[in-house]
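Hi,

Here is the structure I promised to hand over. Have a look at it first, and then read on for what turned up in it.

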Amino acid sequence: PKPASAKGGGTLQDMARRINSGAYLVKGLLRRRSHAVMYGAPGAGKSTLALSLAYHVAAGLESMGRRVAPGPVLYLAFEGLGGMPERAEALLRHYGNAPLPLVIEPAAWNLREKSERAALGTRLAEITREHFDGKPPALIALDTLARALKGDENSAHDMGALNDAVTALI
C-alpha cells in the first residue's frame, strides 16, 4: 500500500501546511476543486452574493477583502433568471463593462440522473470551448441547490447523487 501522504493524507502538521499551498479560489473562503454550500432564508440575497462572488473570481478582483485566484466561471441558474438582468447590470455599472470569462447558463438538468449529468458534462465542454478557450471553469455555481437536486436535501441518497454530480464537474 502507498503511504498516507501519497493519497493526500499525512500528519496534522502536513495538513496545516496545505492551508498556505496556494490552492485557494477565494482565500480563506473557497478552495480550488472543492465544493461549498451557501445557505440562508429565502430572499436573504444568496443569489446576489453568489453572482457577485462569481464576478470577482472571473475578474480576479478581491472579494469581501479576500484575495481571489482568477479564472473562468460558469453560473448555472436553475432558478432566478428573472432577476438576473438587474444583478448583471448592477455589477457592470459598478465595476465597468470589460468582457469577462463568466457565463450564466439557464439550467434544468436533474443532477440525480446519470443521463442528465452526462448532458450537463457535454454542455460544460461546449461552454469551455466556446467561451473559455478550452480552460476549465475555476468556479461552477449551482443556483439553487434545491432546483439542481430535484430531490430531498435531507435524503442521503439524493445528496449523494448530487455530490457525485458536483465531483464529476470539478
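Let's start with the pockets. H2 gives the largest share of the lining of the largest pocket, 6 residues. Helices (H or I, at least four residues) and strands (E, at least two) are DSSP runs here, numbered from the N terminus.

Before going further: this is a predicted model, where local features need pLDDT of at least 70 and side-chain atom pairs count only at pLDDT 80 or more, while totals for chains, interfaces and linings use all residues. Residues are numbered from 1 along each chain as its sequence is written, and side-chain values use heavy atoms, with hydrogens and water left out.

Back to that pocket: about 1200 Å³ of space lies in it. Of its 41 lining residues, Ala 36, Val 37, Ile 140, Ala 141 and Leu 142 are the closest to the centre. Among the elements that give two or more residues to this lining are strand E2 (30-31), helix H2 (46-59) and strand E5 (139-143). By type, the lining has 28 nonpolar, 7 polar and 6 charged residues.

In case you wonder about the terms, a pocket is an open set of points on a 1 Å grid over the protein atoms alone, where a 1.4 Å probe fits, with protein on both sides within 12 Å along at least five of seven lines; lining residues have an atom within 4 Å of a point. Points are joined across faces, edges and corners, and the volume is the space filled by probe spheres set on them. Ala, Val, Leu, Ile, Met, Phe, Trp, Tyr, Cys and Pro count as nonpolar, Asp, Glu, Lys and Arg as charged, and the others, Gly among them, as polar.

The second largest pocket has a volume of about 180 Å³. Helix H3 (84-95) gives the most to its lining, with 3 residues. That lining holds 10 nonpolar residues, 1 polar and no charged, and Leu 51, Tyr 55 and Asn 97 are among its members.

Now the backbone. Most residues other than glycine have a negative phi, and most peptide bonds are trans. Met 64, in the loop between H2 and strand E3 (73-77), has a positive phi near 55°. Asp 133, in the loop between H4 and E5, also has a positive phi, about 50°. Lastly, a cis peptide bond joins Asp 143 and Thr 144, with omega about 15°; Thr 144 sits in the loop between E5 and H5.

Cheers
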